[in-house]
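This report describes the spaces inside a protein model and two of its residues. Please look at the structure before reading on.

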Amino acid sequence: MRRSNNLIGLVNFLTFLLSIPILGGGIWLSNRANSTDCIRFLQWPLIVIGVLIMLVSLAGIAGACYLNKFLMWLYLFVMFFVIAALIGFIIFAYVVIDKGSGRFVMNRRYLDYYLGDYSGWLRDRVADNGYWNEIGSCVRDSGVCKKIGRHLNGVPETPQMFYFRKLTPVESGCCKPPTDCGYTYVNETVWIPGGEMVGPNPDCMLWNNDQRLLCYQCSSCKAGVLGSLRMSWRKVSVINIVVLIILVIFYVMAYAAYRNIKRIDNDEPAGQPRMTKSHPSHFQI
């Protein structure tokens, strides 16, 4: 029995450690939501799941240390639903952010982003003007477009240098006009009409060199936020999937150890079935 308790205690301790990357991923996404991604609700389920795993693991450790079978049972019961919630959240995240990516542009290293390349519930939410006003203000206040500027010996970088920069989705979508508008580069956030528009892109009319406006109301900026969110969530999802697999393995080990403790408490020798066929007693008269 002591060996099974030690195993349950070890498994719960390792599970406690696994809650740290989940919680850390949620906190990282929360910081991103306050700076560049600017969508502040998707990280909270991940934070809640991380905290629950941490608390339940502590309960399991206490149960193993003090031989409290109720706490061990509570760990198994709650952890089952936590694992189910984590599976559901991973599936939800992939469904929400699966579609959409930037488009390659000739003679450019950066990608251009178009809202029409995205679909689903999150795209509709971001495209909603009422909701976008808050997100757009967050992107502007983050100063992402102010930080895009580079100078070499006090001189702004040349067009060719800028064209071969690797911009983030938000920088590409919000801080410059779409490439197909045909604007001429002056500096990173100042562009002037310099040619015929290649395609009927409504964003071309929305671009403004006013540093408070730029392309914050453009569909490309909304697509850039979605692209940035997609990149962030893909990084976190890889960690979540690895943690989920290890959690399931630990859960099976803890369940087997708990069953072994119950069997020992019931004085059931290993390998003996729970029910045996009873033999009639013979009475001598």
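## Terms and model

Spaces are found on a 1 Å grid over the protein atoms alone: a pocket is an open set of points with protein on both sides within 12 Å along at least five of seven lines, while a cavity is a set of points where a 1.4 Å probe fits but cannot get out. Lining residues have an atom within 4 Å of a point. Grid points are joined across faces, edges and corners, and a volume is the space filled by probe spheres set on the points.

The model is predicted, with local features needing pLDDT of at least 70 and side-chain atom pairs pLDDT 80 or more, whereas totals for chains, interfaces and linings use all residues. Residues are numbered from 1 along each chain as its sequence is written, and side-chain values use heavy atoms, with hydrogens and water left out.

## The largest pocket

The largest pocket holds about 310 Å³ of space. It has 18 lining residues, and those closest to its centre are Lys166, Leu167, Thr168, Pro169 and Met231. Two or more lining residues come from each of α7 (169-174) and α9 (219-265); helices here are DSSP runs of H or I with at least four residues, strands are runs of E with at least two, and both are numbered from the N terminus. With four residues, α9 gives the most.

Domain 1 (1-99 + 230-261) and domain 2 (103-226) each supply at least three residues to this pocket's lining. The domain bounds come from an automatic or database domain assignment.

## The largest cavity

There are three cavities of 30 Å³ or more. The largest has about 70 Å³ of space, and the residues lining it include Val96, Tyr118, Leu122 and Arg230. Among the elements, α9 gives the largest share of this lining, three residues. Because domain 1 and domain 2 both give residues to the lining, the largest cavity lies between them.

## Two residues

Is Asp112 buried or exposed? Asp112 counts as buried because its relative accessibility is 3%; buried means under 20% relative accessible area, exposed over 50%, and partly exposed in between (1.4 Å probe, protein chains only). Asp112 lies in strand β2 (residues 111-112). Beyond its neighbours within four places in sequence, Asp112 is in contact (heavy atoms within 4.5 Å) with residues including Gly102, Ser172 and Thr179.

Val252, in helix α9, counts as exposed because its relative accessibility is 52%. Val252 and Leu76 are 176 residues apart along the chain, and their C-alpha atoms are separated by 9.4 Å.
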